[in-house]
Amino acid sequence: KSRRGGTTLIFIDEIQEAPEAIAKLRYFFEEAPDLYVIAAGSLLETLLHEKVSVPVGRVEYRVIRPVAFDEYLGAMSESLALAQYEKIPIDDFAHDKLLQLFHRYAFIGGMPEAIQNYALHKDITKLKSVYESLLISYLDDIEKYSSNLTQTHVLRHTLRAAFLEAGSRIKFQNFGNSNYGSREEGEALRTLEKALLLHLVYPTVHTVPPLQPDLRKAPRLHVLDTGLMNHFAGIQKEIIRIKDLQSVYQGKMIEHLVGQELLASHFTLLESLNFWVRQKKESSAEVDYLLQVEENIIPLEVKSGAAGKLRSLHLYMDQAPHPWAVRFYSGKLKIDTVVTPLKKRYYLLNLPYYLAGQVEKYIVWMIKTTVLNAG
């Protein structure tokens with residue numbers, strides 16, 4: 001128990017060790033509503049346990065996601081950088097420092113144990129054992145709760161392969177160069193998704209609400225943490241040497257990390273990522289992410305280079321009923337006016353990578369700024 005500000009908090013750790021305790025949580029809700037109960041445990045273990053009875057309507061679920069960039073700044077005692085990160089708009093002079101800090105965060109990722117280790121030792125070479133012990137613990141967890149030996153083998157293969165396939169669109173059939181079929185791999189991937197070890201991100205072909213994914217199309221694979229992905233893909237040295245993160249791993253690493261930042265501030269199980277593909281089969285086009293802000297679906301592209309080369313973004317904006325888009329890149333904050341090949345004029349918010357976690361606030365700022373200037 002813990003008392004804070006006159007409120008009594010009850011913490012229950014490893015609740016999955018006694019599944020009957022989950023069912024009894026309802027009595028706290030009904031008979032002691034003045035008590036706040038926080039129960040934690042292995043989500044994978046709870047989801048796969050056949051005898052767990054969850055008290056519907058009595059339990060509120062929250063997801064603890066990897067550490068976000070602003071939380072990383074706090075952990076590293078970078079208070080001045082954090083103050084700039086939270087300021088909208090950011091001051092121009094803070095760009096180089098925040099970009100440098102974000103590069104180190106991109107290397108480490110958001111696993112709390114890795115960040116704690118680096119905060120204590122300031123030695124990136126000590127992180128290898130942290131990443132490997134995390135993967136081993138996930139593999140052990142899977143082995144304990146798979147229903148048979150075959151499922152164990154499929155799950156272990158799928159989890160290992162996921163870190164190498166992360167950031168790419170995938171097919172279930174023969175996933176990770178295996179001999180496993182679509183049904184086996186689909187079941188394994190969905191099981192790992194329920195455990196929040198990965199995300200299957202499906203595309204949409206629409207530019208207006210609601211954001212409805214097309215489950216018939218190939219999903220893009222995201223794993224729990226970009227730092228783990230970097231380690232198992234062997235790309236950490238590239239991150240240290242490179243000036244623009246877009247040049248690492250064919251751009252998949254920074255695109256993946258932006259997605260991680262987009263999810264970081266959302267703590268419900270229903271939050272998900274979305275991206276856009278063109279409906280026409282004869283020509284491919286893809287926008288990295290979509291974000292609904294009020295009644296508008298705003299496209300988010302992760303790409304360096306000139307604004308005029310954003311072909312897929314132009315195609316999206318030709319269909320969109322609004323004039324606002326976002327591009328994440330290594331440069332400084334600015335708003336450009338862009339014209340598509342079909343002569344539609346729109347506003348492009350160029351946002352430094354490190355501000356991905358603030359994108360919703362910056363979109364509101366862009367809309368207000370452009371509307372005010374137009375008026």
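**A tour of a salt-bridge network**

Start by selecting Glu-286 and Arg-169, whose side chains meet in a salt bridge at 3.4 Å, N to O. A salt bridge here is a side-chain nitrogen of Lys or Arg within 4 Å of a carboxyl oxygen of Asp or Glu. This is a predicted model, in which local features need pLDDT of at least 70 and side-chain atom pairs count only at pLDDT 80 or more, while totals for chains, interfaces and linings use all residues. Residues are numbered from 1 along each chain as its sequence is written, and side-chain values use heavy atoms, leaving out hydrogens and water.

Now look at where this pair sits. Glu-286 belongs to strand β8 (residues 286-287) and Arg-169 to the loop between α9 (149-165) and α10 (182-194), so the bridge ties together parts 117 residues apart in sequence. Helices (H or I, at least four residues) and strands (E, at least two) are DSSP runs, numbered from the N terminus. Glu-286 is partly exposed at 26% relative accessibility, and Arg-169 is partly exposed at 35%. Buried means under 20% relative accessible area, exposed over 50%, and partly exposed in between (1.4 Å probe, protein chains only).

Arg-220 is buried at 1% relative accessibility, and Glu-255 is buried at 13%.

Finally, show all four residues together: shared partners join Arg-169, Arg-220, Glu-255 and Glu-286 into one network. The whole structure holds seven salt bridges.
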